[in-house]
Amino acid sequence: MRRLRNRLAGALLSVLALSLTATGCGGSSEAAPGGGGDSTSSPAGASVANRVEPLAQRPEPRLPVTVPSADGERVTVEAAERIVPLSGSLSEIVFTLGLGDRVVARDVTATFEQAAKLPVVTRGHDVSAESVLSLRPDLVLAETTTGPEEAVDQIRAAGVPVLFVEAAKGLDDVGPRIRAVADALGVPAAGKELTRRSEQRIEAVRGDVPHGEKPRVAFLYLRGSASVYLIGGKDSGAGSLIEAAGAVDAGAASGLDKDFTAITSEALVKAAPDAILVMSKGLESVGGVDGLVKIPGVAQTPAGMDRRIVSVEDGVLLNYGPRTDQVLKSVVAQLYGEDGAK
């Protein structure tokens, strides 16, 4: 989610500058514990489990290690007894590797059950250096999009190793991110095992995708309380997931080269989506499906006319991590129906 928020930053500023609403898109409601839970969004069995599944064998870290950080530095990890992952995705990886008992804090986007009771070290969507340092971590895991930069610099200045992991953009990033975290924690073999398991599960879901004409799916980012309505383009981060579900990214296919663009009737008509992909809290923020089809242009699309909406919990939709197979399975089930019919 943090990578999404950073990709959205420029687009949101532009939209909010034109909005009569003085609020921003921040707030913990973007990834409240428990995910979306919109009762209109998921067919039976299509929701993503609110727990991660650790590897059967708990690994024992072998430290110290020196590993490359995605910001160009080399980071030496002497200990990993008190870990602070600064995104929900990174938290999922640590817990799924079997080292969740070493995590002492969470980002607001870590919404799965095992992490729910951990203290939150973000304010809105920004990292609080003071909150992190008060927990005496021996390792902080961050996305390349984690911010503000001053907070991360303050953590490093206090002598705490900070490892940056390249932000995920698609399914191909699942394995590299898992291995980067596992190597930093001194459990490379577990990283390879989890990568293998994750990739095999994703491929199994892809193998069950119905063949035939590919539906056009538009990814919409919605925050009704802030009057923010955006359609994803080729760099939104959702394209890989949509394509894996056997569909076409309608925004990208319609020529939207930016990551996100303000929704207009013209843009939606050109995209002509057969289905709309949304985050469940975003759907909730506009009043569910009934509210979504009232957004100008939505009702005129095939998706709006058929009320064909695919909704996945905010905290997991674009994580591209150990639960991505479940996300993909949910998207496929909602897109085609449980019987595989379009």
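A: In this predicted model, helix α5 (residues 174-184) lies across β6 and β7 and runs at about 165 degrees to β7.

Q: What makes β6 and β7 a pair of strands?
A: Pairing requires at least two bridges between two strands. Strand β6 (residues 139-143) and β7 are joined by 4 bridges in the parallel sense, so they meet the criterion. Within this pairing, Val140 stands opposite Val162 in β7.

Q: Why is the sheet called open, and which strands are its edges?
A: The sheet consists of 3 strands in the order β3-β6-β7, with parallel pairing. Strands β3 (83-85) and β7 (162-165) each pair on one side only, and therefore they are the edge strands. From one strand to the next, the twist averages 20 degrees.

Q: How do you know that helix α4 packs on the sheet, and which strands does it touch?
A: Contact means heavy atoms within 4.5 Å. Helix α4 (residues 149-157) touches β6 and β7, and its direction makes about 140 degrees with that of β7.

Q: How many cavities of 30 Å³ or more does a search of the whole structure find?
A: The search finds 1 cavity of 30 Å³ or more. The largest cavity has a volume of about 40 Å³.

Q: What makes a residue part of the lining, and how does the lining of the largest cavity divide?
A: A lining residue has an atom within 4 Å of a cavity point. Val52, Glu53, Thr96, Arg197, Arg201, Pro322, Arg323 and Gln326 line the largest cavity. These residues divide into 2 nonpolar, 2 polar and 4 charged. Arg counts as charged, and Arg197, Arg201 and Arg323 are among the lining residues.

Technical notes: Residues are numbered from 1 along each chain as its sequence is written. This is a predicted model: local features need pLDDT of at least 70, side-chain atom pairs count only at pLDDT 80 or more; totals for chains, interfaces and linings use all residues. Side-chain values use heavy atoms; hydrogens and water are left out. On a 1 Å grid over the protein atoms alone, a cavity is a set of points where a 1.4 Å probe fits but cannot get out, and a pocket is an open set with protein on both sides within 12 Å along at least five of seven lines; lining residues have an atom within 4 Å of a point. Grid points are joined across faces, edges and corners, and a volume is the space filled by probe spheres set on the points. Helices (H or I, at least four residues) and strands (E, at least two) are DSSP runs, numbered from the N terminus. Axes are lines fitted to C-alpha atoms, for helices over the stretch in contact, and angles run from 0 to 180 degrees between N-to-C directions.
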